[in-house]
Amino acid sequence: MTRPLLVLFFTLLTATIYAQFGNFGNSAPKIKGKVSGIVIDSLANIPVSFATISMRKAGRDKIVNGTLSEEDGSFSFVDVTPGLYDLEISFIGYAAITIDSVETSGKNPDNNLGTVFIFPTDYLLDEVKITAQRALIENRVDKIVFNAEDDTSIAGGDATEVLRKVPLLSVDLDGNVSLRGSSNVKILINGKPSGMFSSNVADALKMFPADQIKKVEVISSPGAKYDGEGSAGIINIITKKENVEGVAGTINASGGNRQNNANVTLNIGKGRFGFTTNGSVFYSLPADATNSFIRTSDAGATLYSLQGTTNTSRLGFNGSASAFYDFNAYNSINASATFRGFGFDQKGQSAGDFGLFTFDRDSEGDNLFSGYDLNLDYTKKFESKEKRELVFAGQLSGNIQNQNNLVEDILPDGSIFRNDDIKNEGDNVELTAQIDFVEPISEGTKLETGVKTVIRNIDSDSRFVPDLGRSNLFKYDQNVYAAYASLNFVVGKLNFVTGLRYERTDIKGDGNEQSQKFSNGYDNFLPNIAVSRAFKNFRTLKLSYSRRIERPSLFYINPFRNLSDLGNISQGNPSLNPELVHQIEMGYNTNVLGFSIFGTGYYRKSTELIEQITSLVNPSELGIDIPGQAEGQISFTTYENVGVNNSIGVNLFTSKTIGKFTFRGGGDLYSYNANGIINGQEVSNSALSYRLFTNGDFSFSGTVKADFFGFFQAPRFTLQGENPSFSIFGFGLRKEFKDWSLGIRVIEPFSANKSFNSDIKGDGFRQVSEFSIPFRSFGINLRYKFGKVDFKERKSKVKNTDAKGGGDQQQGGGQQGGIGG
C-alpha cells in the first residue's frame with residue numbers, strides 16, 4: 001500500500017497547487033525577446049571589445065543581467081522578458097553611459113539599438129589593458145562550472161581530457177571518472193541522460209570530442225528534483241548544440257600522432273523555429289600496450305603469470321539533430337535525436353605460466369557499441385504568474401553492445417590447449433515519462449513538484465563456441481517510479497532549498513541458471529536540505545545534507561562469465577543490493593588579496609558498499625577444465641556488497657589573475673575507512689588519498705592565447721588493495737583569425753610512455769600488475785566558423801541519473817565483459 005499512497009499524495013499535491021494558482025490558457029504569457037547593439041569608439045570609429053553592459057529594470061538599481069561585448073563590439077541579451085530596462089555601458093578608459101527606457105513588448109520582443117558610441121577619457125588608448133573576460137572556472141552556489149570552450153589545450157582531445165581539468169573530478173588512465181574519490185557519479189548531456197553511459201562510462205567519454213563541449217557543471221549536492229542516483233554527485237556536460245536566430249555553423253578538424261577527429265555543426269533559426277544538427281567522427285591510431293601480471297601465494301610461489309603486448313585501434317561516430325517550435329507565447333515543443341557508434345579492435349600476443357605448465361596466447365577482439373536517444377518535451381507557461389511552468393517530457397533510449405573475442409592458447413609441444421570464440425550481445429531499451437511543475441509562490445519562494453517513471457528492459461545473450469553449453473540468455477527488467485516536492489525560500493539573509501523524493505524500484509531477472517531467476521522491490525525516501533548565506537565582497541557560506549541511492553546497473557549484475565583469460569575470470573552479481581549514502585557538506589568561498597578561494601569539507605557514509613572482489617577458486621567450480629591445474633590457482637572476480645565506508649574529505653580551489661596571466665590550482669584530500677566481510681572473513685582498510693591539479697592561461701594578445709594544465713591522482717583504495725596513481729601534463733597554443741583559428745596541443749612532451757601499477761591482496765594470494773602504454777602526443781587543430789547568429793539554448797527536462805554506470809575497473813583483476821546495457 002505504501003507506493004500507491006505516496007504516488008497519490010504527490011499527484012494530489014500537484015493538482016492542488018494547480019487549482020490554487022493556475023488557470024491553463026486563460027491569458028497569454030509574455031514571449032521573451034532580445035536586446036542587441038554594437039559598441040563603437042566615438043573618436044577612432046572602431047569596435048570596443050569586452051565592454052561591460054549591465055541591464056536593470058527601468059528606474060531601479062538592481063542588475064538583472066550582464067554581458068561583455070564581442071571582439072567586433074556587438075552584444076546581445078537573449079530571453080528578455082517584455083518590459084522597460086536601463087542599460088549601462090562601461091569600459092576602462094571610457095566614460096560610462098546609460099541608455100534609459102529600452103523597451104521590449106509581446107508585439108515587438110526584439111530591440112536592436114544599433115550603434116552605441118562611448119567616449120574615451122584618455123587619448124593614450126594604447127596603454128589601456130583589456131582584463132575583462134569570462135572566468136574559465138565559475139564557483140556558483142549550487143555547482144562548479146568549467147567553461148571548456150575557453151580552454152585552448154583541449155582542442156583535438158576527448159571528454160576525458162576535459163573532465164581531468166574540472167575541480168573536484170578525477171579521471172584515471174582508463175577514463176573512469178570519480179568525484180571526491182567516489183566513482184558513484186551520474187553524467188548528463190545537456191541536462192538529460194544518454195544511453196551511451198549505461199554500460200561503460202570510460203569508453204563512452206573517449207568517443208566524445210572535446211571540441212563539442214561548451215562547459216561542464218559539477219553538482220555535488222543535488223536536490224530532490226534530481227533522480228536519487230549518483231551518490232557522489234552529478235556531472236552535466238553542456239555541448240555547443242544550440243538553437244539560433246539566423247544560419248551559422250562550425251567545422252573542426254584535428255590531427256595528431258594519437259587521436260584524429262572532425263566534427264561539423266549547423267544551426268538554423270527563424271522566428272519561433274530553430275534547428276541544430278551536428279556530426280563527428282574520430283579515429284585513434286593503433287598503439288601497442290604492454291602488460292605484466294603475476295599472482296603469488298602467501299609463501300611466494302607463482303600461481304599464475306601473464307606478460308604480453310596488445311595492439312588497439314579505435315573508431316567512432318556520433319550525430320544529433322534537435323528542433324524547437326513556439327506555437328504561441330504560451331506553448332512550445334522541443335525534440336531531439338542522437339545516434340552514436342563506437343568500436344575498437346584488439347590483437348594481442350602473450351606468454352603465460354599456470355605454475356604447472358606454460359603456454360602462448362593469441363587473441364583478437366572486435367567490439368562495437370551503438371545507441372540512440374530520442375526526446376520530446378512540451379512546455380506550457382502562464383502570464384498570470386511569471387516563471388510558473390508545466391512540462392511534459394518523454395524519452396526513448398537504446399544501447400546496443402556486441403563483443404566478440406577469439407582466444408587460442410598453445411602448449412610448448414605445439415598442441416592447441418584452447419580455441420574459443422566468446423560472444424556477448426546486449427540490448428538495453430529505456431522508456432521515460434515525467435511531469436514537472438514549478439510554482440513561484442512569492443518573491444524568493446518557489447515550489448517544484450513532479451512525478452516520473454523509468455521502464456528498463458535489458459537482454460544479455462552470451463555464446464561460447466565450441467562449448468555451447470556455457471551459453472546463456474539473461475533478461476533483466478528494472479522499473480523506477482518516483483515523485484518529489486522541493487521548496488526554495490528565504491528567511492532573513494538565509495536561502496533554503498529543502499525537499500523530499502520518493503522512489504520505488506522493482507527488479508526482475510530471468511536466466512538459464514536458478515541464481516539468475518529473481519524478483520525484488522524496495523522503497524526509498526530521499527530527503528535533502530541546503531542553507532546558504534551570502535556576505536559582502538562575494539563571500540558565501542553553505543551547509544547541506546542529502547541522502548541518495550546507488551542502484552547497480554547491468555555492468556555490475558550481468559551474469560555473463562568472461563573467460564577471455566582463464567587465469568582471471570570475471571562475472572557480474574545479480575544479487576547486489578543498492579548502496580545508500582548519507583552526506584553532509586559545508587562550503588565557503590571568498591576573495592583574499594585578489595585570490596578567489598573556494599573550499600568544502602564533507603562527511604559521507606556509504607552502506608551496502610559495492611566493490612570489486614577477487615578470490616581464488618577451484619576451476620572445476622566454474623566448469624573449467626585446465627590440464628594438470630592445481631586447486632586454487634585461478635581467480636574469480638565479481639562485485640559484492642562488502643560493508644560500510646566512512647569518508648571525510650576537504651577540497652580547495654583557488655585562482656589569481658596577474659596582468660595577462662591567470663593561474664588556477666587546488667586539490668582534494670579524503671579518507672577511505674571501510675570495514676566489511678569478504679568470503680566470510682571480516683576485513684578493513686584505512687588510508688588517505690589525494691589529488692592535485694593546476695592550470696592556467698596567458699594572453700599574448702587579443703588573438704593569441706596559451707594554456708597549460710597538470711594533474712596528479714594518488715592511488716585509490718579498496719578493501720583488497722589499491723588502484724594505480726595517475727598523472728598528466730599538457731599545454732596548447734591558439735591563434736584566432738577573423739572566421740577561423742589554428743591551435744596546437746602537446747600532451748606529456750617529456751614522457752613517451754606511462755606505466756600503471758596495481759596491488760591486490762586476498763585470502764592466500766597477492767597479485768601485482770603493470771600496464772604501460774604510449775602517451776606522448778602532438779596534435780594540430782583547425783576551427784572554422786561561418787554565419788552570424790544569436791544563440792538561445794533549449795534543453796530536455798528528462799534527467800535519468802538513477803543507475804550506477806560501469807567502467808570503474810581494476811587492472812589485472814579481470815575485467816567485467818559482456819555488458820548489455
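**Figure 1. Lys225 and its salt-bridge partner Glu448 in the predicted model.** Lys225 is partly exposed, its relative accessible area being 39%. In this predicted model, the residue forms a salt bridge with Glu448, and the closest N and O atoms are 3.8 Å apart. Lys225 belongs to the loop between strand E13 (213–219) and strand E14 (233–239), whereas Glu448 lies in strand E23 (residues 445–465), so the pair ties together parts that are 223 residues apart in sequence. Glu448 is buried, with a relative accessible area of 8%.

Figure 2. A search of the whole structure finds 21 salt bridges. Glu503 and Arg501 form one of them, with 2.7 Å between the closest N and O atoms.

**Figure 3. A salt-bridge network.** Salt bridges link Arg361, Asp409, Arg418, Asp420 and Asp565 in a network. Side chains of opposite charge can pair when their charged atoms come close.

**Figure 4. The tilted aromatic pair of Tyr502 and Phe525.** The structure holds 28 aromatic pairs. Tyr502 and Phe525 form a tilted pair, with 5.3 Å centre to centre and 45° between the planes. Tyr502 is located in strand E25 (residues 494–510) and Phe525 in strand E26 (residues 518–535), so the pair ties together parts that are 23 residues apart in sequence. Tyr502 counts as buried at 1% relative accessibility, while Phe525 counts as partly exposed at 36%.

**Figure 5. The edge-to-face pair of Tyr556 and Tyr639.** The ring centres of Tyr556 and Tyr639 are 4.7 Å apart and the planes stand at 70°, so the pair is edge-to-face. Distant parts of the chain are linked here: Tyr556 is in helix H4 (residues 554–557) and Tyr639 in strand E31 (residues 634–658), 83 residues apart. Both Tyr556 and Tyr639 are buried.

**Figure 6. An aromatic cluster.** Phe293, Tyr304, Phe354, Phe357, Phe359 and Phe417 are joined into a cluster by ring pairs.

**Figure 7. A patch of negative charge on the surface.** The patch gathers Asp345, Asp360, Asp362, Glu364 and Asp366. Strand E20 (residues 358–381) gives the most to the negative patch, contributing 4 residues. Asp362 is placed in strand E20 and is partly exposed, with a relative accessible area of 33%.

Technical notes
Residues are numbered from 1 along each chain as its sequence is written. This is a predicted model: local features need pLDDT of at least 70, side-chain atom pairs count only at pLDDT 80 or more; totals for chains, interfaces and linings use all residues. Side-chain values use heavy atoms; hydrogens and water are left out. Patches are made of residues with over 30% relative accessible area and no salt bridge: like charges are joined within 9 Å, nonpolar side chains (Val, Leu, Ile, Met, Phe, Trp, Tyr) within 5 Å. Accessible areas come from the Shrake-Rupley method with a 1.4 Å probe; for residues, only the protein chains shown count as cover. A salt bridge is a side-chain nitrogen of Lys or Arg within 4 Å of a carboxyl oxygen of Asp or Glu. Lys and Arg count as positive and Asp and Glu as negative; His and the chain ends are not counted. The place of a charge is taken as NZ of Lys, CZ of Arg, CG of Asp or CD of Glu. Helices (H or I, at least four residues) and strands (E, at least two) are DSSP runs, numbered from the N terminus. Buried means under 20% relative accessible area, exposed over 50%, partly exposed in between (1.4 Å probe, protein chains only). Rings of Phe, Tyr and Trp (its six-membered ring) pair if their centres lie within 6.5 Å; planes under 30 degrees apart count as stacked, over 60 as edge-to-face and the rest as tilted.
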